[in-house]
Amino acid sequence: MCPLLEKLVIHYTDKITYLEVCGPSLVLKHLELVFCGKLKLVKVSAPNLITLIGLNIDILLLENVPMLKEVSVNCMHCAYVNSVKKILPTLSCCISQLEILSLQLKCNRTKINLPTFPELTKMKKLVIRYYTKGDKSLLGLTPLIRSSPNLQEFVLKLILTEPTRTHREVKNITKLPHHHLRVFKLFGYYGRSSDLELVRYILNNSVVLEKMIIDPFDPTVRELPLPLHPRDLEDAQTATYYANKQLEVVVPQHVELVIL
């Protein structure tokens, strides 16, 4: 590998099964490995690495990454709890220094039971791309927020399968204050009880919340450079109606509510 290379991006290839990015003199700052279908093992030892985006990697080995600040990983390639448990030891050498963490999660169970994360004292931004169905509660994701006492921005991207709007009781969670959370973004708001439940949790527990951004569109629709399908537009219009109806009465005036 060229020791002067600062950015390495590999997308959409099945030609690589093993990748080693190691060397004490590497100046590499950005490593991005996305949709590499046959990539089984990646070993990284790069003292200047700042950003690592590694999706769909079976085994990720990290060492000597003292500058690493941002990590994005996919925890969907096996049962999600096992996958998350598996990634925690991988990040053990750097998790306390991370400022931005992005996770892809999927749960087919009724209830989310994430393993216990260590305290992430430097974490400023948490992004979760979450695949779920029906009207399953999202409160099981909140321990990730609580493990980040200095978190300033929380972004949740919901990818919904067979979403349903039920009339189940919306739970109110005991006060667990987040003293630094200022911005909450929720993409894929559908108007489910679980959506409103999470919004209420954020409102009730975020001491200095300034802005809440709600996007009723499916995130995958937003991300594709294609014209909107009439069905997607219709679903988004309905979700926007529910977002306005549900949120305008619960979001206090001092919090800026933006519904896209």
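Predicted model: local features only at pLDDT ≥ 70, side-chain atom pairs only at ≥ 80, totals over all residues.

**Contacts, core and sheet**

Analyst: Leaving aside neighbours within four places in sequence, glutamate 197 is in contact with Ser137, Leu139, Arg168, Glu169, Val170 and Lys171. Contact means heavy atoms within 4.5 Å.

User: Is glutamate 197 buried or exposed?
Analyst: Glutamate 197 counts as buried, because its relative accessibility is 0%. Buried means under 20% relative accessible area, exposed over 50%, and partly exposed in between, with a 1.4 Å probe and protein chains only.

User: Where does glutamate 197 lie?
Analyst: Glutamate 197 lies in helix H3. Helices (H or I, at least four residues) and strands (E, at least two) are DSSP runs, numbered from the N terminus.

User: What is the mean pLDDT of the chain?
Analyst: The mean is 88, and 93% of the residues reach 70 or more. pLDDT is the predictor's confidence in each residue, from 0 to 100.

User: Where is confidence lowest, and where highest?
Analyst: Lowest is helix H1 (residues 80–90), at a mean of 65. Highest is strand S11 (residues 183–187), at 98.

User: Now the core. How many residues are in the largest nonpolar one?
Analyst: The largest nonpolar core has 70 residues. Tyr130, Phe154, Leu156 and Met212 have the most contacts inside it. Helix H3 (residues 193–205) gives the largest share of this core, six residues. A nonpolar core is a set of buried Ala, Val, Leu, Ile, Met, Phe, Trp, Tyr and Cys residues joined through side-chain atoms within 4.5 Å.

User: What does methionine 212 touch?
Analyst: Not counting residues up to four places away in sequence, methionine 212 touches Phe184, Val199, Ile202, Leu203, Val251, Val255, Glu256, Leu257 and Val258.

User: On to the sheet. In what order do its ten strands come?
Analyst: The order is S1-S3-S5-S7-S8-S9-S10-S11-S12-S13. The sheet is open and the pairing is parallel. Two strands pair if DSSP finds at least two bridges between them.

User: Which strands stand at the edges?
Analyst: Strand S1 (7–11) and strand S13 (256–259) do. Each has a single partner strand, so one side of each is left without a neighbour in the sheet. Neighbouring strands of this sheet are turned by 10 degrees against each other on average, direction ignored.

User: How many bridges pair S10 with S11?
Analyst: Five, in the parallel sense. Lysine 157 has phenylalanine 187 in S11 as its bridge partner.

User: What does H3 touch on the sheet?
Analyst: H3 packs on the sheet and touches S10, S11 and strand S12 (211–215). The direction of H3 makes about 175 degrees with that of S11. Helix H5 (residues 230–247) also packs on the sheet, touching S12 and S13, and its direction makes about 165 degrees with that of S13. Axes are lines fitted to C-alpha atoms, for helices over the stretch in contact, and angles run from 0 to 180 degrees between N-to-C directions.

User: What about S6: which side chains are buried?
Analyst: Leu60 and Leu62 point to one face of S6 and are buried. S4 and S6 run parallel, joined by four bridges. Valine 44 stands opposite leucine 62 in S6.

User: Aromatics next. How many aromatic pairs?
Analyst: Three. Rings of Phe, Tyr and Trp (its six-membered ring) pair if their centres lie within 6.5 Å; planes under 30 degrees apart count as stacked, over 60 as edge-to-face and the rest as tilted. Phenylalanine 154 and phenylalanine 184 form a stacked pair, 5.6 Å centre to centre with 25 degrees between the planes. Both phenylalanine 154 and phenylalanine 184 are buried.

Technical notes:
Residues numbered from 1 in each chain as written. Heavy atoms only, no water.
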